[in-house]
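The sequence and the model are shown below.

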Amino acid sequence: MNRFPTARTLSLALAYALSALTAQPAPARDYPIQPVPFTQTEIADGFWAPRIAKNREVTIPHNLEYCERDGRIQNFVVAAHRADGAFQGVFGFDDSDVYKVIEGAAYTLGLNADPQLDRELDLVIAKIAAAQEPDGYLYTVGQIGKTAEKPTCCVSMTRFGDLRTGHELYNAGHLFEAAAAHFQATGKRNLLEVATKYADLLTRTFGPGRNMGVPGHEEVEMGLVKLYRVTGREEYLELARFFLDQRGNARGHELYGPYNQDHEPIIQQSTAVGHAVRAAYLYSGMADVAALTGASGYLPAIDRIWSDVVSSKLYVTGGIGAEHEGEAMGDHFHLPNRTAYAETCAAIANAMWNYRLFRLHGDAKYIDVIERTAYNAILGSVALSGDLFFYVNPLASDGRYAFNADNSTGRRPWFRCSCCPPNVARFLASFGSYVYAQDDAGIYVNLFVGGRTRVDLDGRHVELRQATEYPWKGEVAISVQPDAEAEFALRVRVPGWAREQPVPSALYRYQDGAGRPYTLSVNGRPVKAALDRGYAVLERRWKPGDTVQLSLPMPVRRVISDDRVSANRGRVALERGPIVYAIESVDNAGDVFNVVLPDDAVLSAKARPDLLGGVTVITGRALGLYPGDDGRTVVTREQDFLAVPYDVWSNRGEDRMAVWLPRKVSLDFEVP
Ligand SMILES: [Zn+2]
């Protein structure tokens with residue numbers, strides 16, 4: 001269990017946060033909504049707490065071990081001339097894996113004191129610092145100058161000589177994010193000093209009248225913003241803005257084209273194009289810089305692009321980026337299932353981007369996307385054991401097509417290009433930051449996660465305690481504990497899925513009519529709260545012990561796609577609450593592509609504490625198609641049907657899986 005931060009760790013974290021705050025005044029302009037820091041939120045439920053504990057106990061040490069084993073950490077030692085050798089690996093961005101693990105580990109240190117992990121990080125940071133050149137440059141492949149194997153791509157041997165593919169600035173962005181997280185968690189400046197020294201080199205190198213290039217892979221923009229937040233150094237924010245304004249602007253650099261979102265000025269862009277992770281990192285950086293500078297042109301652009309994604313490029317699991325070729329966004333409504341790419345990093349980037357839009361607009365529709373993505377695409381990328389991963393997250397597998405990176409049909413402990421495992425590690429470690437938020441008027445309850453939080457509201461402390469068995473049950477009790485009576489708005493999200501809107505667009509809809517309505521009560525009395533942008537707004541004078549009860553009916557729902565998604569035509573997917581379901585061959589008479597789920601098949605939900613760490617499954621009777629005795633005809637047999645949550649598929653060996661099932665027998669035995 002993820003224990004509540006002890007008084008000691010909390011006071012430590014607060015002291016550091018305070019020292020950072022007292023050193024740096026809050027930015028003059030910022031997002032109108034702030035997350036409640038995850039260090040103030042205890043997650044103590046039966047769903048997330050075990051996954052987050054597994055992340056801390058297994059996934060993060062596993063990532064560190066593989067960074068060591070595959071030479072990613074040794075590359076810093078060689079770059080520092082403390083050992084002989086060539087660069088190990090085939091990608092210039094391998095340094096970033098080390099930075100992302102440090103970031104994830106730092107978040108866990110913010111919650112749980114762990115002197116051994118703290119020391120381990122210091123040893124890695126010392127190696128990173130030793131590799132840094134006197135003027136701040138840090139990019140091990142270029143510094144070492146020779147590779148053990150022929151590089152695959154993304155290597156630049158001359159300093160800032162190939163911004164388009166070299167990933168120097170991408171690495172820098174992850175270094176900055178890691179440094180900010182490490183400083184905030186530990187108060188130590190060892191990594192922060194490396195980061196600011198490098199950022200200072202970037203501010204001297206890039207800008208009007210200097211190098212006018214932009215990174216081929218966006219990320220440094222978000223990193224610079226985080227560094228600005230912890231140091232107060234305006235020039236970092238200005239550089240982030242410079243990189244954004246230069247993108248798609250032929251003034252001073254040759255445009256890279258749509259693959260890198262460098263085809264037209266970003267304020268004119270209106271569709272999500274190119275490499276999906278780059279795209280969503282760019283849009284996240286635009287939101288950050290818009291919030292902190294008031295640069296108003298960015299917002300209409302990212303709002304337009306968001307509408308484009310949710311209405312035509314979003315998988316029902318929350319994944320984005322349909323194409324294997326180029327890890328890219330597909331055309332409108334091109335959402336193949338078996339050959340879906342839906343990279344783990346893209347799902348995480350999608351959540352990051354949507355969280356920033358929520359903080360700008362205060363609309364729960366962005367949290368709907370985050371919830372869908374977190375419970376399905378992101379959680380599905382890491383095995384229950386915590387040490388096996390998907391880079392690629394298809395919605396169907398025939399057990400033969402090697403969809404996963406490094407040519408595999410199942411989960412793998414690591415990849416040659418291993419961006420995803422450390423990314424999911426940092427996401428899970430900081431998951432608590434998505435649960436609650438606050439603004440001048442009050443508190444937002446965004447996700448339903450058992451535990452408690454403490455919100456500092458205009459000098460008052462308010463503790464919220466959430467009791468729920470979500471996502472398996474829709475009953476949520478929120479106990480409000482202000483330190484004294486206090487008037488504020490409690491905005492409780494009513495999920496789109498409970499309001500007949502699985503996603504904030506017409507891309508998916510429930511086929512089976514209206515479900516039962518949700519109910520809300522305060523201290524046992526039903527209330528009809530006004531719904532504002534997806535939130536039930538409860539504005540009152542709160543007394544200690546007041547309790548809000550939200551009841552979200554959770555029937556099994558049938559989802560169908562916009563007919564323009566050809567892969568899903570005539571097919572249905574199953575959901576219950578925020579969970580998307582899949583069927584696996586191990587549970588369905590050895591196959592999934594012969595299963596037909598007629599509209600009148602009676603389905604029911606059943607808790608299975610014995611299965612896959614404890615899940616609710618969907619059971620019923622379906623039709624199975626089999627070859628007839630003559631070998632030519634097809635016979636139909638009724639058979640037992642069992643669907644498991646998508647996020648736990650492929651935890652019982654490599655098997656066949658499908659999310660979208662045919663509704664009628666007339667369809668062929670085809671893999672969707
Ligand atoms: Zn990745």
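Which residues coordinate the zinc ion? They are Glu343 (OE), Cys345 (SG), Cys419 (SG) and Cys420 (SG), at 2.1 to 2.3 Å. This is a predicted model, in which local features need pLDDT of at least 70 and side-chain atom pairs count only at pLDDT 80 or more, while totals for chains, interfaces and linings use all residues. Residues are numbered from 1 along each chain as its sequence is written, and side-chain values use heavy atoms, with hydrogens and water left out.

**Zinc site**

- Donors are N, O and S atoms within 2.8 Å of the metal (3.2 Å for Na, K and Ca); water is not among the atoms, so sites may look incomplete.
- The site of the zinc ion is tetrahedral, with angles of 98 to 118° among its four donor atoms; four donors count as tetrahedral if all angles lie between 85 and 135 degrees.
- Along the chain, the donors of the zinc ion follow the spacing E-x1-C-x73-C-C.
- Cys345 in helix α13 (residues 344-361) and Cys420 in helix α15 (residues 420-429) are 75 residues apart, and this pair links distant parts of the chain; helices are DSSP runs (H or I) of at least four residues, and strands are runs (E) of at least two, numbered from the N terminus.
- Cys345 counts as buried at 1% relative accessibility, where buried means under 20% relative accessible area with a 1.4 Å probe, protein chains only.
- Cys420 also counts as buried, at 1% relative accessibility.

**Second largest pocket**

- The lining of the second largest pocket has 24 residues, and Gly46, Trp472, Gly613, Gly614 and Val615 lie nearest its centre.
- A pocket is an open set of points on a 1 Å grid over the protein atoms alone, where a 1.4 Å probe fits, with protein on both sides within 12 Å along at least five of seven lines; lining residues have an atom within 4 Å of a point.
- The largest share of this lining, three residues, comes from α2.

**Aromatic pairs**

- The count comes to 37 aromatic pairs, in which the ring centres of Phe, Tyr or Trp (its six-membered ring) lie within 6.5 Å.
- Phe76 and Tyr99 form a tilted pair, 5.9 Å centre to centre with 55° between the planes; planes under 30 degrees apart count as stacked, over 60 as edge-to-face and the rest as tilted.
- Because Phe76 lies in helix α3 (residues 74-79) and Tyr99 in helix α4 (residues 94-111), the pair ties together parts that are 23 residues apart in sequence.
- Phe76 counts as buried at 0% relative accessibility, and Tyr99 counts as buried at 1%.

Definitions and conventions: Tetrahedral: all angles 85-135°; square planar, octahedral: opposite > 155°, others 65-115°. Buried < 20%, exposed > 50% of the residue type's maximum accessible area, 1.4 Å probe, protein only.
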